[in-house]
Amino acid sequence: MDRGRVSAVTVRRLLDLDTLVRLERRRAFAASPPPSARLAVPEGMSQPLGCDAVSVPSRFGPRLMARLPRVGCVYEDVDAARWWWIVPADSDVALEWPSPAYYAAGAVVPGARRAPSLIHSPSGSEVPYTPPIPLYLAWCRATGTTPAWSRAVRA
C-alpha cells in the first residue's frame with residue numbers, strides 16, 4: 001500500500017453525512033451577516049422621503065444639536081458610543097460625510113443586537129428628519145473638514 005495516497009474508502013469514512021452537515025453549518029454561520037437593527041421612527045410620524053441615518057460619536061452630539069436650526073429624531077447606542085440622526089433617504093448623494101461619521105442606508109444600525117434608544121423627537125412635527133445639509137455643515141465644522149463642494153477642483 002502506498003502511504004502517500006488516500007483510498008476512496010478513507011475519503012468516504014472522513015466525509016460521512018454528519019461531517020458534511022457540520023461543515024455546511026460552519027460555512028453558513030461564517031457567511032451569515034452580523035446582527036443589525038433598524039431605527040424605529042415614533043408612531044404617528046410619516047416618512048414620505050424614506051429614512052436613512054447618520055451616526056457620529058456621542059461626544060459630538062450636544063454640539064451638533066446646538067448648531068442645528070431643526071433637529072429630527074436622534075437615537076443613542078446602548079453603550080452610549082454613538083448618536084444616530086434620521087435623515088431623508090439618499091442624503092449621501094453628492095455629500096461625502098467626513099470620518100468618523102457613518103452613513104446608514106435604510107437607517108440600519110450594523111452590528112447592533114438591540115436598536116438604539118430615542119433621545120430626541122421633534123415636537124409638533126409629523127416627520128422624523130433632521131435636514132441633511134445643516135447637519136452635514138455642522139459636522140464638517142465640528143471635525144474641521146472643508147465641505148466637498150468647497151474644495152478646489154484639480155484639472
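**A strand and its partners**

Modeller: Let's take strand β2 (residues 51-57): seven of its seven residues are buried, so the strand is largely enclosed by the rest of the structure. Here, buried means under 20% relative accessible area, exposed means over 50%, and partly exposed lies in between (1.4 Å probe, protein chains only). Strands are DSSP runs of E with at least two residues, numbered from the N terminus.

Please keep in mind that this is a predicted model, where local features need pLDDT of at least 70, side-chain atom pairs count only at pLDDT 80 or more, and totals for chains, interfaces and linings use all residues. Residues are numbered from 1 along each chain as its sequence is written, and side-chain values use heavy atoms, leaving out hydrogens and water.

On β2, C51, A53, S55 and P57 point one way while D52, V54 and V56 point the other, and all are buried.

Now for the neighbours. Two strands pair if DSSP finds at least two bridges between them. With strand β4 (residues 82-88), β2 pairs in the antiparallel sense over seven bridges; D52 has V87 as its bridge partner there. β2 also pairs antiparallel with strand β5 (residues 102-104), over three bridges, and S55 stands opposite Y102.

The loop between β4 and β5 deserves a look too. D90 is found in it, with a positive phi of about 70 degrees although it is not a glycine. A94 belongs to that loop as well, and its phi, near 65 degrees, is also positive. D90 is exposed at 55% relative accessible area, and A94 counts as exposed at 69%. P100 is in this loop, joined to S99 by a cis peptide bond with omega about 10 degrees. Most residues other than glycine have a negative phi, and most peptide bonds are trans.

Definitions and conventions. Helix = DSSP H or I, 4+ residues; strand = E, 2+ residues; numbered from the N terminus.
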